[in-house]
Amino acid sequence: MNNKILFIAILSMTLGSSFCYSQQKKVTYDINRLLNENKLTKAYPRQTVAEVTDGSKKGLTSDGILWLKNVNFKTGTIDVDLRGRDVFQQSFLGIAFHGVDTTTNDVIYFRPFNFQTTDTLRRMHTVQYISEPDFPWDKLRKEHPLVYENAVNPFPEATAWFHARIVVNADDIVVYVDHSDKPSLTVKKLNNRQNGLIGLWSSGLPGDFANLAITQ
């Protein structure tokens, strides 16, 4: 009888683990195709979007937010390749998520012009979390210095492609760069939104995006 109970318990745990695993759904997006099929929404009327191909990287370059149509992101992992510009205070790019619209959303973004700087403080201002409109970067930096931004590890070249993995949980967010096991940023979420729009985010100069995959 004891062996039978033990067998049933192990079987239940195995089936439970398999069920949880099966609920994870990874979708890889061909963002060029999404653009051509009108499945991306520009956030701003004058926003420029163009296809970009660089070796194995085939994606898009944009200077605003590109929302993915009909994708409601809750919790999970966002993988994407990014490339910015080495122009001081003019290149910012990343991922927006849990968006209501262009003014209410969360963003994880990078400042590539700080990747290779020798200024120690500037290096700590490389990856940033913001929650608009209540918690913009300048308010967070003033009231919570070096809590919602950090250096990345490892440091890519300022004009090189780099990979970002953004893990969004119910209460916190963890960011990894270039497949490192060590997170570059770990922060608590600053709002109670648990789902919403997701998109490619850039500000200032255009940013390049490729190989987008979302698991949730």
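## Strands and hairpin

Two strands pair if DSSP finds at least two bridges between them. Strand 3 (residues 49-54) and strand 4 (residues 57-62) pair in the antiparallel sense over 6 bridges. Asp 54 has Lys 57 of strand 4 as its bridge partner. The hairpin of these two strands has 2 residues between them, and Gly 55 takes a positive phi near 65° there.

## Basis of the model

This is a predicted model, in which local features need pLDDT of at least 70, side-chain atom pairs count only at pLDDT 80 or more, and totals for chains, interfaces and linings use all residues. Residues are numbered from 1 along each chain as its sequence is written, and side-chain values use heavy atoms, with hydrogens and water left out.

## Overall make-up

The protein has 4 helices and 15 strands (DSSP runs numbered from the N terminus: helices are H or I, at least four residues; strands are E, at least two). Of its 216 residues, 46% are buried (under 20% relative accessible area; exposed is over 50%, partly exposed in between; 1.4 Å probe, protein chains only).

Among contacts between residues at least 6 apart in sequence, 67% join residues at least 24 apart. Contact means heavy atoms within 4.5 Å.

Strand 5 (residues 66-68) pairs with strand 14 (residues 197-204) over 2 bridges, in the antiparallel sense. Trp 67 has Gly 199 of strand 14 as its bridge partner.

## The largest pocket

The largest pocket has a volume of about 380 Å³. Of its 24 lining residues, Phe 92, Tyr 109, Trp 137, Trp 201 and Ser 203 are the closest to its centre. Strand 8 (105-110), strand 9 (127-132), helix 4 (137-143) and strand 14 each give two or more residues to the lining. A pocket here is an open set of points on a 1 Å grid where a 1.4 Å probe fits, with protein on both sides within 12 Å along at least five of seven lines; lining residues have an atom within 4 Å of a point. The volume is the space filled by probe spheres set on the points, which are joined across faces, edges and corners.

By class, the lining has 11 nonpolar, 9 polar and 4 charged residues (nonpolar: Ala, Val, Leu, Ile, Met, Phe, Trp, Tyr, Cys and Pro; charged: Asp, Glu, Lys and Arg; polar: the others, Gly among them).

Val 152 sits in the loop between strand 10 and strand 11 (162-168). Val 152 is buried, at a relative accessible area of 3%. Beyond four places in sequence, its contacts are Phe 110, Phe 115, Thr 126, Val 127, Val 177 and Ser 184. Arg 123 is 29 residues from Val 152 in sequence, with 7.9 Å from C-alpha to C-alpha.

Thr 104 lies in the loop between strand 7 (91-99) and strand 8. Thr 104 is also buried, at 18%. Residues up to four places away aside, Thr 104 touches His 98, Gly 99, Glu 132, Pro 133 and Arg 193. Lys 25, in the loop between helix 1 (2-22) and strand 1 (26-29), is exposed at 58%. Lys 25 touches Ile 214, Thr 215 and Gln 216, again not counting residues up to four places away in sequence. The C-alpha atoms of Lys 25 and Ile 214 are 8.0 Å apart, across 189 residues of chain.
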